[in-house]
Structure formats: structure tokens, C-alpha cells
Amino acid sequence: MKISRKLGLVILPLAVALAGCETVKKPETTEAAAPVQAASVDVYTASDKVIKGFRPFQLSEQQTIYVSPTPVITRDNLTTINHVRDNQGRTFIKLGLNPAGVDALSKVDKQYGYATTIGGQLASITGVKQGSDFLFMVRDDATADAIMKAVVPQQAAK
């Protein structure tokens, strides 16, 4: 399945909204502040066609995707997370996966795409498996940085 890039442009502003929420909640002192909770990371299989058992998710008035009820990849499957760019200047988040995560992705039927959520908010509908990594495209560097800070808040504190 190929989901058009236009859908990505519709969804990516949601990631920016997520980014804005995460960066506002910085404590003023580090001594008395409680540890910041790391955001969840979930990758679901998705389709632009109705699939029995998949949940509809309306992207716009004209477009709906259908998402698996359970994630294929969760935060427990991650070994690393990085912000990368391809040779065309597009911005991605690269998730390094443990063997269980690689195995789970290898079982996904080629007809499906992916929907990635960060902290329960849709961040991308553009994803690809590359070796033992999963990459999903985001709008720009600021969005990628905000996602990184939400997923790995201790990096933001340094």
C-alpha cells in the first residue's frame, strides 16, 4: 500500500502541536522537579482501505486511514532513536529495533503501511523498515527535535 505524501502533510502539523505541548512543560529548577515522563512510541499497521478489525482514523473530511488495534512496535522494542536526513533533505526519526521488533516488522504484510504515534498523538503515516531500523518521516528539524525531547526527555535536560 502506498499512502500519498499529501496525507503526510495533513498529519505532520499534529506532530508540531505535540512538540509545542512538550516543550512548554519545562521545570524551573532541576532539584525539586519530578522526573519528566518519556512519551510512548507506537507503530501500527495502516491501510487506506477498510480492513476488518482495523479502526478508522479520519485524517480530514475526505480521507480516512484504517489502523490496526494493537501496535506492531512499542517503546519496549527500541534500542536507539535518532534524528536523520536523507540525501534529498527530508527529515526522519530513525528507531533502532531489538530482535523482537525486527521480527515483528518482518511479519507485516507488504500491502500495509504504517502509522506512528508519539505520546498517543499521530506523528507520521510515512514509515519504512530499513535493516534493523524503522524510519518515519516528519515535517522538519524542529518537529524531529520536539519528538526526540518527548521520547528521550533526559537528553533535553542536558
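The structure is a predicted model, in which local features need pLDDT of at least 70 and side-chain atom pairs count only at pLDDT 80 or more, whereas totals for chains, interfaces and linings use all residues. Residues are numbered from 1 along each chain as its sequence is written, and side-chain values use heavy atoms, with hydrogens and water left out.

**View 1. Overall arrangement of the protein.** The protein has 4 helices and 10 strands; helices (H or I, at least four residues) and strands (E, at least two) are DSSP runs, numbered from the N terminus. Read from the N terminus, the order of the elements is α-β-β-β-β-β-β-α-β-β-β-β-α-α. Of the 158 residues, 41% are buried, where buried means under 20% relative accessible area, exposed over 50%, and partly exposed in between (1.4 Å probe, protein chains only). Among contacts (heavy atoms within 4.5 Å) with a separation of 6 or more, 61% join residues 24 or more positions apart. The protein exposes about 9,300 Å², of which carbon and sulfur atoms supply 52%; accessible areas come from the Shrake-Rupley method with a 1.4 Å probe.

**View 2. The open sheet of four strands.** An open sheet is formed by 4 strands in the order β5-β6-β10-β9, with antiparallel pairing; two strands pair if DSSP finds at least two bridges between them. Strands β5 (78-85) and β9 stand at the edges with a single partner strand each, so one side of each is left without a neighbour in the sheet. From one strand to the next, the twist averages 25°.

View 3. Axes are lines fitted to C-alpha atoms, for helices over the stretch in contact, and angles run from 0 to 180 degrees between N-to-C directions.

**View 4. The hairpin of β9 and β10.** Strand β9 (residues 127-130) pairs with strand β10 (residues 133-138) in the antiparallel sense over 4 bridges. Gln-130 stands opposite Asp-133 in β10. The hairpin has 2 residues between the strands, and Gly-131 takes a positive phi near 65°.

**View 5. Surroundings of Leu-105.** Leu-105 lies in helix α2 (residues 99-106) and counts as buried because its relative accessibility is 3%. Beyond residues up to four places away in sequence, Leu-105 touches Val-72, Ile-73, Leu-97, Tyr-114, Lys-129 and Phe-134. A distance of 9.6 Å separates the C-alpha atoms of Leu-105 and Val-128, which are 23 residues apart along the chain.

View 6. Buried residues of α3 include Thr-143, Ala-146, Ile-147 and Val-151.

**View 7. Surroundings of Thr-117.** Thr-117 is placed in strand β7 (residues 113-118) and, at 12% relative accessibility, counts as buried. Leaving aside residues up to four places away in sequence, Thr-117 touches Ser-40, Val-41, Asp-42, Tyr-44, Leu-122 and Ala-123.
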